[in-house]
Every structure is written in C-alpha cells, then in structure tokens.
Amino acid sequence: MERAVLIMGPPGSGKSTQAEMVSREYDLVHLNAGDFLKDLIDKGKLIDTNYVAGQLVDSRIVLDVVKEEVKRIKVNGGNGIVFSGSPRTVLEAYGDEERQGLIDFLKELYPDNVYFFRLVIPYDMGEKRNLG
C-alpha cells in the first residue's frame with residue numbers, strides 16, 4: 001500500500017531516527033527536507049539568500065522543491081514516503097492563494113493514506129540531545 005507518513009516534533013525529539021525506522025519497516029523513501037535542501041544548495045541547484053544569511057530557506061521555496069521531489073519519488077514507484085520534520089510552517093502545510101500546501105498535495109497523491117505522528121519530549125531533553 002502506498003502511503004505518506006509525516007513525523008513531527010521539536011528539535012532533538014528523534015524525528016529522523018523514527019523516520020529511518022519507518023522507512024526500513026515499510027520500504028518508504030525518507031525525505032528529510034532540511035538535508036534535501038542543504039544538498040541542493042551545496043550542489044548549486046538552489047540559491048536562497050535567507051540560507052546564505054544563516055536563516056531558514058523561504059517556506060515558498062521549500063514547499064515548491066519538496067513537492068517536486070515528492071512527484072519524482074511517486075513517479076519512480078515504491079511504497080511511498082516518510083517525512084521527518086516537514087512541513088515546518090503553516091505555509092508549507094496549508095499553502096497560500098498561489099500554492100497548494102503539502103498536506104492537500106499528499107492527500108491527492110496518497111488518498112486515505114496520509115498519516116501524522118507527533119513526537120513529544122520534555123524541552124530539556126531536546127536541548128540536551130542537541131547540545132551534546
């Protein structure tokens with residue numbers, strides 16, 4: 001069964017760890033949007049002034065490139081996709097007047113098979129994991 005799984009949670013909650021396990025168990029492609037965007041930027045395939053200034057990549061850009069990657073993954077077959085930490089903003093999740101958000105986009109591609117998981121941990125645990 002094709003599906004899309006979105007794993008949400010605060011920094012250090014284990015989103016990527018859980019996504020990797022889900023990916024292996026259900027033969028899904030793991031898309032970590034942060035790593036994906038960094039790779040595009042490092043390869044010169046994406047230029048964003050926010051990123052160069054040390055800020056988050058603009059949500060409109062994130063939404064557009066993530067949706068394109070999801071289309072590519074869907075066309076190549078497989079059982080679906082698991083996201084770790086994406087969408088990260090309201091615009092990425094729900095879109096705007098110009099763009100369809102990721103959630104509705106996934107619901108069209110994977111009807112009745114979009115699953116959300118929220119990881120909850122104490123704030124100090126996430127801070128400890130991220131700071132070493």
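A: Happy to. One term before we start: contact, or touching, means heavy atoms within 4.5 Å. Also keep in mind that this is a predicted model.

Q: Thanks! Which residues does Gln 100 touch, leaving out those up to four places away in sequence?
A: Gln 100 touches Leu 63, Lys 67, Gly 95, Phe 105 and Glu 108. With Glu 108 there is also a polar contact between the two side chains, at 2.9 Å.

Q: And where is Gln 100 found?
A: Look in the loop between helix 5 (90-94) and helix 6.

Q: How far apart are the C-alpha atoms of Gln 100 and Lys 67?
A: They are separated by 9.5 Å, while the two residues are 33 residues apart along the chain.

Q: Why does Gln 100 count as partly exposed?
A: Because its relative accessibility is 27%, and partly exposed covers the range between under 20% for buried and over 50% for exposed.

Q: Okay, new topic. Is Glu 69 buried or exposed?
A: Glu 69 is buried, since its relative accessible area is 13% and the cut-off for buried is under 20%. You'll find Glu 69 in helix 4, which covers residues 59-75.

Q: What does the side chain of Glu 69 make a polar contact with?
A: With the side chain of Arg 72, at 2.6 Å. Setting aside neighbours within four places in sequence, Glu 69 is also in contact with Leu 31 and Phe 36.

Q: Let's go to the core. How many residues does the largest nonpolar core have?
A: That core has 23 residues. Leu 31, Val 66, Val 70, Ile 81, Phe 83, Leu 102 and Leu 106 are the ones with the most contacts inside it.

Q: Which elements give two or more residues to this core?
A: Strand 1 (3-8), helix 2 (33-42), helix 4, strand 3 (80-84) and helix 6 (102-109) do. Helix 4 gives the most, with 6 residues.

Q: What does Val 66 touch, not counting residues up to four places away in sequence?
A: Val 66 touches Leu 31, Ala 33, Phe 83 and Leu 102.

Q: What about strand 2 and strand 3, how many bridges join them?
A: They run parallel, joined by 3 bridges. Here Leu 31 has Phe 83 in strand 3 as its bridge partner.

Q: How many of the residues in strand 3 are buried?
A: 5 of its 5 residues are buried, so strand 3 is mostly covered. Gly 80, Val 82 and Ser 84 point one way from the strand, and Ile 81 and Phe 83 point the other way.

Technical notes
Residues are numbered from 1 along each chain as its sequence is written. This is a predicted model: local features need pLDDT of at least 70, side-chain atom pairs count only at pLDDT 80 or more; totals for chains, interfaces and linings use all residues. Side-chain values use heavy atoms; hydrogens and water are left out. Helices (H or I, at least four residues) and strands (E, at least two) are DSSP runs, numbered from the N terminus. Buried means under 20% relative accessible area, exposed over 50%, partly exposed in between (1.4 Å probe, protein chains only). A polar contact is a pair of N or O atoms within 3.5 Å; within protein, one must be able to donate a hydrogen and the other to accept it, and residues adjacent in sequence count only if both atoms are side-chain atoms. A nonpolar core is a set of buried Ala, Val, Leu, Ile, Met, Phe, Trp, Tyr and Cys residues joined through side-chain atoms within 4.5 Å. Two strands pair if DSSP finds at least two bridges between them.
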